[in-house]
Amino acid sequence: MKNFLSVHDAPSVGRLIERAAAIKADPFDHERTGHHKTLINLFFNPSLRTRLSTEKAGMTLGFQVITMDMAGGWKLEFEDGIVMNLDRAEHVREAAGVLSQYCDILAVRSFPELVDRDADYADRVINAFVKYATVPVVSLESAIRHPLQSLADCLTISEHRRSARPRVALTWAPHPRKLPQAVANSFAEWMVNWGEVDLVIANPEGFDLAPEFTAGAEVVHDQAAALRGAEFVYTKNWSSYTHYGATADLPGWIVDEDKMALTDNAYFMHCLPVRRNVIVSDGVLNSDRSLVLQQANNRTWAAAAVLEALAG
Ligand SMILES: NCCC[C@H](NC(=O)CCC(=O)O)C(=O)O
Ligand SMILES: NC(=O)OP(=O)(O)O
């Protein structure tokens, strides 16, 4: 594996899940993997889970780990050929080159602006690091994908499924702010490429995800129809891809006990952070069907499997 930006970088989803499970089962037997190697994590946006689980994964494998919050760094320029006489002090070309002097793997989080769809879907920030870094680059959630979350979610589903090929429902839910499509895009493409679940996606009209991520999944606009018979309910808000960045005030899409009663005694999943009693009711989130802490735990083992593959 050269970089880890999407499911397409994983030679085999099943194999990567197996490696994550193996490291989870025996975490103290992998300290040589990153020996004398350095991992740098760069954050252009906030994080709790991604930051700490990736640091923990790096330390578990014996890497030296350095994390930088880019709010404290120079403002970077991403345009090529530009006259840099405004407020951006450093070009990504130098920044990525310099970071490559200090580390063996470079991980980057950068969210979309949700204003210009073409600009966001060009995934400019992470791709600039890929272009100018001389070390492997890992996505810690880019403008359009969150692959480490999705790999952790695959591991969580593999650990909890009752049937060989469970029905997984990804449902849109309400939120007071406009949020990226990244988690949902990634979840869809990992579920489809994994090939061991049947994925149905429910969202309001006007909130269909970009077709490149949902090919192979069923997309419906009736939440109840999607939930019926589901073994896993993966919940997430996203702003509109079609009317780019638009939100909708649809409180009826909350996932509550009545909605969960439609399912096949499903587990509830969410990547966190989650808005209680907006996205999901307290009753569902506090219940023993909620897997949110298991998902957060599995972030560590997903990151470890990816770091192991990149450390070669
Ligand atoms: N990393 C997991 C989700 C990150 C981000 N959520 C958020 O920004 C939620 C913020 C809030 O609830 O205000 C997203 O949807 O992509
Ligand atoms: N799920 C997730 O990526 O959480 P953070 O945004 O806190 O890293």
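Predicted model: local features only at pLDDT ≥ 70, side-chain atom pairs only at ≥ 80, totals over all residues.
Local features were required to have pLDDT of at least 70 and side-chain atom pairs pLDDT 80 or more, whereas totals for chains, interfaces and linings use all residues. Residues are numbered from 1 along each chain as its sequence is written.

Helix H6 (residues 147-160) packs on helix H7 (residues 182-194) at an angle of about 45°, and their axes are 9 Å apart. Helices (H or I, at least four residues) and strands (E, at least two) are DSSP runs, numbered from the N terminus. H6 and H7 are therefore oblique to each other (angles under 35 degrees count as roughly parallel, over 145 as roughly antiparallel, 65 to 115 as roughly perpendicular and the rest as oblique). From H6, Pro147, Gln149, Ser150, Leu151, Asp153 and Cys154 meet Val183, Ser186, Phe187, Trp190 and Trp194 of H7; contact requires C-beta atoms, placed from the backbone, to lie within 7 Å.

According to UniProt (unreviewed entry), the feature "binding site" is placed at Glu141, His175, Lys236 and Arg275; such annotations may be inferred rather than shown by experiment. His175 lies in the loop between strand E7 (167-172) and H7, and counts as partly exposed, with 18 C-beta neighbours inside 10 Å. Lys236, in strand E10 (residues 232-236), is buried, with 23 other C-beta atoms within 10 Å (buried denotes 20 or more such atoms, exposed 12 or fewer, and partly exposed the values in between). Apart from neighbours within four places in sequence, His175 contacts Asn237, Arg275, Val278 and Ile279.

Terms used:
Chains lettered and ligands numbered in written order. Axes fitted to C-alpha atoms, helices over the stretch in contact; angles between N-to-C directions. Contact = placed C-beta atoms within 7 Å.
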